[in-house]
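This report describes the architecture and selected local features of one protein chain. Please consult the sequence and the model shown below while reading.

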Amino acid sequence: MDISKFKDLIQKLSFLRNYSSLILPVTIILVAVLLFIPTQLMSSKLKQRIEAESISIGNRVKSLNQSAVSRNQWEIEQKYQQAYEGDANQMALLAKQSNQRELLSYKIFPKPKDASTLIFKEFGQRYRSGIDKLIAKVNAHDCPSDTELQKALQGSGLSTARRGGDWGEMGKSDVKSEVEATITEVLCREKAEQASVYVTPAELSGYKFWEDYEYIGMNTAIEDCWYWQLAYWIIEDVFDTIDAMNSGSSSVFTSPAKRLLEVNFVASGKGAIGGKAVVKPSYVLSAKEAITIPHTKRFCNDDIDVVHFNISVVVSTKAVLPFMQQLCSAKQHKFRGFSGKEQEQIFKHNQITVLESNITTIDQPAKTRGLYRYGEDAVVQLDLVCEYIFYKNSYDEIKPESIKELLKKK
């Protein structure tokens, strides 16, 4: 072994021994330095994260504070629920009042209070009288009759012989003189100026039925009266519609609704004019009894009774939609109890829905319309099939037992 190298090693170790007291502190310092740097980095990131999350939480707290429910919110909610309940009760009350209407006779429903069969004839007289009053209310008349035309022509010294069998064809007849046509035109215009709308009683279902009514049995008579009472309410609504449409007009020329052609309950919607086909209303228990496809899907059930009916009118082209809207709008009626002796009240009802509509242009010189004058307005024939709703809780107390039994079989 080289002694010189050994000596050098001994000297180096001696040097280390001289500084051995510094080794531990230096080591600690180095370790601290190594730990300090990542700790600072982590601390900075943690601080940023805490600040970010704190701000977010703070904003959410502020937002919740702004949208927090007031301590008195329950009172507001209670008022809302009470109003909602009030609306529901009001709707139920209106539904009940809808069929609490005046009766044509207070002696028949739910069962006759008089053993005499004359009460049924009296009902028929009141039905016809009621129709007459409705016609007068809307200032309605018909076109000139044959008698009126003949009288006018006789007064002029002209022949009254009819050619072609119909005065509506006079515009096409070569044998009619110009003077004769002029007289007829003047008379037709006078009639149109005197009336607000054209209507004749015979065009309304039931009018002819009660003119020639014959009693054939108690149950049948009661049912006849019941169904025609329903019919009268429906016809009454039709006249109220015409009255509202023609408000302020005293002439067919200025009236939006110019002629009521028919109101009936025939499935085809035709054939009831003039009483040729007498079909009283019937309850729609299923699609079989429906006049048309019941798009509302409503049939008689535990809450409502349903009836379909037809109405045909001549209206101005501008009045087509307004007429349908008015027909389906709420209307007022009077009620003095089902005894007819209570204090009079004013109620509202709104029971009509249009199921089907058809519009046909009017050819003025057409044979069946030759004596009608509608003015300068373009006019159309509007045919409607409608649904009428009767709320059971409003009139079941006067419904005849035989009718109730029928409805139970639905």
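## Surroundings of His333

Leaving aside its neighbours within four places in sequence, with which residues is His333 in contact? The partners, taking contact as heavy atoms within 4.5 Å, are Gln97, Ser98, Gln100, Arg101, Gln345, Ile346, Phe347, Lys348 and His349. His333 belongs to strand β5 and is buried, its relative accessible area being 7%. A polar atom of the His333 side chain lies 3.1 Å from the backbone oxygen of Gln97.

## Basis of the model

The model is predicted: local features need pLDDT of at least 70 and side-chain atom pairs count only at pLDDT 80 or more, while totals for chains, interfaces and linings use all residues. Residues are numbered from 1 along each chain as its sequence is written, and side-chain values use heavy atoms, with hydrogens and water left out.

## Overall architecture

The chain has 11 helices and eight strands; helices (H or I, at least four residues) and strands (E, at least two) are DSSP runs, numbered from the N terminus. Of the 410 residues in the chain, 38% are buried. Buried denotes under 20% relative accessible area, exposed over 50%, and partly exposed in between (1.4 Å probe, protein chains only).

The chain exposes about 24000 Å², of which carbon and sulfur atoms supply 55%; accessible areas come from the Shrake-Rupley method with a 1.4 Å probe, and for residues only the protein chains shown count as cover. Among contacts between residues at least 6 apart in sequence, 75% join residues at least 24 apart.

## Helix α8

Helix α8 (residues 218–245) comprises 28 residues and reaches 41 Å from its first C-alpha to its last, close to the 40 Å expected at 1.5 Å a residue. The expected span is 1.5 Å times one less than the number of residues in the helix. Because 21 of its 28 residues are buried, α8 is largely enclosed by the rest of the structure.

## Strand pairing

Strand β3 (residues 257–264) is mostly covered, with eight of its eight residues buried. It runs antiparallel to strand β4 (residues 304–316), to which six bridges join it; strands are said to pair if DSSP finds at least two bridges between them. Within this arrangement, Leu260 stands opposite Val313 in β4.

Strand β5 (residues 331–335) pairs with strand β6 (residues 345–349) in the antiparallel sense over five bridges, and Gln332 stands opposite Lys348 in β6. The covered face of β5 carries Lys331, His333 and Phe335, whereas Gln332 and Lys334 are on the uncovered one. In a regular strand the side chains alternate between the two faces of the sheet.

## Salt bridges

The structure holds 18 salt bridges, each defined as a side-chain nitrogen of Lys or Arg within 4 Å of a carboxyl oxygen of Asp or Glu. One of them joins the side chains of Arg126 and Glu122 (2.9 Å, N to O). Because these residues are four apart in helix α4 (residues 118–137), they are separated by about one helical turn. Arg126 is partly exposed, with a relative accessible area of 37%.

Another salt bridge links Glu148 and Lys191, whose closest N and O atoms are 2.9 Å apart. Glu148 lies in helix α5 (residues 146–155) and Lys191 in helix α6 (residues 178–194), so the pair ties together parts that are 43 residues apart in sequence. Glu148 is partly exposed at 31% relative accessible area, whereas Lys191 is buried at 16%.

The side chains of Lys399 and Asp396 also meet in a salt bridge (2.7 Å, N to O). Lys399 is buried, with a relative accessible area of 1%, while Asp396 is partly exposed at 25%. Salt bridges that share partners join Asp305, Lys392, Asp396 and Lys399 into one network.

## Backbone geometry in loops

Most residues other than glycine have a negative phi, and most peptide bonds are trans. A cis peptide bond, with omega of about 0°, joins Phe109 and Pro110; Pro110 lies in the loop between α3 (73–98) and α4.

Asn139 has a positive phi near 55° and lies in the loop between α4 and β1 (140–141). Its relative accessible area of 26% makes Asn139 partly exposed. Lys297, also not a glycine, has a positive phi of about 60°. This residue lies in the loop between β3 and β4, and at 65% relative accessibility Lys297 counts as exposed.

Notes:
Polar contact = N/O pair within 3.5 Å; in protein donor to acceptor, adjacent residues only side chain to side chain.
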